[in-house]
Amino acid sequence: MDELREQCPWDKKQTIHTLQPQTLEEVYELSETIVNENWQGLKEELGDLLLHIMFYSKIGSEQHQFTLDDVIEGVCNKLINRHPHIYGNVTVKNAADVTQNWEKIKQQEGKKSILSGVPNSMPALIKALRLQEKTKQVGFEWENTEQVKDKVEEELNELYDAVEGGNQNEIEDELGDVLFALINYARFVKVDPERALEQTNKKFIRRFRLVEDMARAEGKSLHDMNLWEMDALWNKVKELESKK
């Protein structure tokens, strides 16, 4: 990295701002290897992410803000401070106790809200899940799955009422409430909503491409077919998958 910053025209001109979108891209690529359990790809993407950590640390050093050693020392100190059951005399019974202690310690460190660790720029679905996980640590949580199910149904009814009313702002607001409630329900039934939605996305892509292939095999174009014809091909695809 030292050599690249001195000798490479592209690396010389990079700043923390120009690197940011590329870092986000690397994180998404890393996430995809995790979803696919692609261990070789995971190793490669971790290397790419590590390169970005080195890059930011190099720029931080040039700006006399911090060094790579400072970054590593800082996270080590944080881990020690937030694991008093390992490095202190605190006793915990399970992982839930660890998480609660973690949030309490963050408050002691100066965090004004338990939600302060959730970035505003985080994608909405993941952000909703993290908000719910955070507030759970202080007991802001439904007691059982049935209560969450009732909440989903309540929000759905409010959405239907809003649609009948025709107020677009209310419809958007109520739809957001439905999605938030569904994410909460997913959490209670121990399903990762992001992973579940991505699996559905992949299933839709796979099936729709097969529909396209079937249409071409029949000498047809989807542009020239009506919904019922396409739906018939869709059902054929589902039937073929069910037989595998």
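On the surface, Leu 50, Ile 53 and Met 54 come together as a nonpolar patch with about 250 Å² of accessible area between them. Patches here take residues with over 30% relative accessible area and no salt bridge, joining like charges within 9 Å and nonpolar side chains (Val, Leu, Ile, Met, Phe, Trp, Tyr) within 5 Å; areas come from the Shrake-Rupley method with a 1.4 Å probe, and for residues only the protein chains shown count as cover. Leu 50 sits in helix H4, residues 39-62; helices (H or I, at least four residues) are DSSP runs numbered from the N terminus. The model is a predicted one, so to speak of local features takes a pLDDT of at least 70 and side-chain atom pairs count only at 80 or more, while totals for chains, interfaces and linings use all residues. Residues are numbered from 1 along each chain as its sequence is written, and side-chain values use heavy atoms, with hydrogens and water left out.

As for open space, the largest pocket has a volume of about 770 Å³. A pocket is an open set of points on a 1 Å grid over the protein atoms alone, where a 1.4 Å probe fits and protein lies on both sides within 12 Å along at least five of seven lines; lining residues have an atom within 4 Å of a point. Its volume is the space filled by probe spheres set on the points, which are joined across faces, edges and corners. The lining of the largest pocket counts 21 residues, with Val 27, Tyr 28, Ser 31, Pro 123 and Ile 126 nearest the centre. Helices H3 (16-35), H8 (124-136) and H11 (193-217) each give two or more residues to this lining, and H3 gives the most, eight.

Turning to charge pairs, the structure holds 12 salt bridges, each a side-chain nitrogen of Lys or Arg within 4 Å of a carboxyl oxygen of Asp or Glu. Lys 151 pairs with Glu 155, their closest N and O atoms 3.2 Å apart. Both lie in helix H9 (residues 145-165), four residues apart, or about one turn. Lys 151 is partly exposed at 24% relative accessibility, whereas Glu 155 is buried at 7% (buried is under 20%, exposed over 50%, partly exposed in between, with a 1.4 Å probe and protein chains only). Glu 154 joins these two in a salt-bridge network.

Glu 241 bridges to Arg 206 at 2.8 Å, linking distant parts of the chain: helix H12 (residues 227-242) and helix H11, 35 residues apart.
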